Amino acid sequence: MTIRNLDDLLAEGVSGRRVLVRADLNVPLDKQTGEITDDGRIRAVLPTLGALVSAGAKVVVCSHLGRPKGSPDPQFSLGPVAGRLGELLGAPVHFATDTVGDSARSTVAGLADGEVALLENLRFNVGETSKDEAERGAFADQLAALADAYVDDAFGAVHRKHASVFDVPARLPHVAGRLVLREVEVLSTLTGNPERPYVVVLGGSKVSDKLAVIEALLPTVDRLLIGGGMCFTFLKAQGHEVGSSLLEEDMVETCRNLLERSEGKIMLPVDVVAAVAFAPDAEHDVVPADGIPSKRVGLDIGPETVAGFAAALRTGTRTIFWNGPMGVFEMPAFANGTRGVAEAIAESDAFSVVGGGDSAAAVRLLGLDEKSFGHISTGGGASLEYLEGKTLPGIAALEN
Ligand code: ADP
Ligand code: MG
């Protein structure tokens, strides 16, 4: 698999050329004020944009934001993002009030070498996400007409067969940006030949979301530690009662089968923080994982489990992949499991990768130093689908 990357494009020379950069600027906004609450995704694309600006390209950035329904919707405007992007780049960003219309065309035409424009939300156009190839293609034609080359730096969107991700690279010379290149390099080491021991920690809410990734990783890993809401379906599969904890009945058989095939690689909680209700201030106790009272709901892994997981993560481990919080970390009373596991990963000498939107958010919310992790993936869904071995449309499009 060879993908041309930004350095190849820079080597050709981009001065005076119009370069369309598909970025993932889908940042969280405060519902009341509309302010950007976390600009991590804007920062993540700066290396690519900075390199293009320095090389004198006319940089045309496009992105989606939220889920508008194919027509303009002010609450999902990228306007505020243009302002923040300009601050971070240290130069004003020209904002087009449409994506491929008069405003976009005149904004791009007015760019001087080394200047940056941001187009309005891609998803204000039905063609962006359409399942109809002709409709997507027509929109892709209009987008591609705005540029001479295409850079994909939107890792969070590469698993989508959308016009800006899949159809535009078929119409323009195309390369992977710095962020996409780094993500693919890191994730391919996890599926290829990771240094051993290789330990994977999975949590989060649903087994059904992560089943494919468990299946794909099980043969490769040395240890698979399972916490979070999904552990209860596994505990049930072992014959334990789980009270009113999160349970996917229809997955119990599948989990039993996985446990049988796992050759003892799967490690489950031995104790659980069980609360009287799903609430931040609910009364709670630590109980054995095989003795959850019938009226209790398991909201975190217990301290003995944290210690066991931490020990498994420390003992000479060379590679770690973590996806999914160990408990309801949004409530401080049930954040200890996630904190304990995250700290053990941060302290380990292993190369560690964090995937998953909520896991990455947990790292920041709990105040852990992002630098103590080897890589924090910007694409939750995309990183899981990559690890499942699925073909990602946006990556496949860059390979051609
Ligand atoms: P990620 O985005 O990192 O892939 P998920 O989306 O799968 O993670 O899961 C995150 C959610 O799982 C969090 O909102 C968290 O509160 C929830 N969760 C974790 N443990 C439990 C639990 N024991 N019961 C209910 N929800 C849980
Ligand atoms: Mg999530």
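Analyst: Happy to! We begin with residue classes: Ala, Val, Leu, Ile, Met, Phe, Trp, Tyr, Cys and Pro count as nonpolar, Asp, Glu, Lys and Arg as charged, and the others, Gly among them, as polar. This is a predicted model, where local features need pLDDT of at least 70, side-chain atom pairs count only at pLDDT 80 or more, and totals for chains, interfaces and linings use all residues. Residues are numbered from 1 along each chain as its sequence is written, chains are lettered from A and ligands numbered from 1 in the order in which they are written, and side-chain values use heavy atoms, with hydrogens and water left out.

User: What makes something a cavity or a pocket?

Analyst: On a 1 Å grid over the protein atoms alone, a cavity is a set of points where a 1.4 Å probe fits but cannot get out; a pocket is an open set with protein on both sides within 12 Å along at least five of seven lines, and lining residues have an atom within 4 Å of a point. Points are joined across faces, edges and corners, and the volume is the space filled by probe spheres set on them. A search of the whole structure finds one cavity of 30 Å³ or more. The largest cavity holds about 40 Å³ and is lined by D24, R41, A44, V45, D153, F155, G156, L179 and T378. By class, its lining has four nonpolar, two polar and three charged residues.

User: How do you know which residues lie nearest the centre of the largest pocket?

Analyst: Of the 38 residues in its lining, R41, R364, S377, T378 and G379 lie nearest the centre. Helix 2 (40–44), helix 9, helix 15 (357–365), strand 15 and helix 16 (380–387) each give two or more residues to that lining. The space in this pocket is about 1,300 Å³.

User: What makes strand 9 and strand 15 edges of their sheet?

Analyst: The open sheet has six strands in the order 9-8-7-13-14-15, with parallel pairing. Strand 9 (266–267) and strand 15 (375–376) each have a single partner strand, so one side of each has no neighbour in the sheet.

User: Why is helix 16 called largely enclosed?

Analyst: Buried means under 20% relative accessible area, exposed over 50%, and partly exposed in between (1.4 Å probe, protein chains only). Seven of the eight residues of helix 16 are buried, so the rest of the structure largely encloses this helix. The buried ones are G380, A382, S383, L384, E385, Y386 and L387. They pack against helix 9, helix 10, strand 13, strand 14 and helix 15, where contact means heavy atoms within 4.5 Å.

User: How do you know whether E263 is buried or exposed?

Analyst: Its relative accessible area is 69%, so E263 is exposed. E263 sits in the loop between helix 12 (252–261) and strand 9, and has a positive phi of about 50 degrees although it is not a glycine. Most residues other than glycine have a negative phi, and most peptide bonds are trans.

User: What is the peptide bond from R196 to P197, cis or trans?

Analyst: It is cis, with omega near -5 degrees. P197 lies in the loop between helix 9 and strand 7.

Technical notes
Pairing = 2+ DSSP bridges. Helix = DSSP H or I, 4+ residues; strand = E, 2+ residues; numbered from the N terminus.
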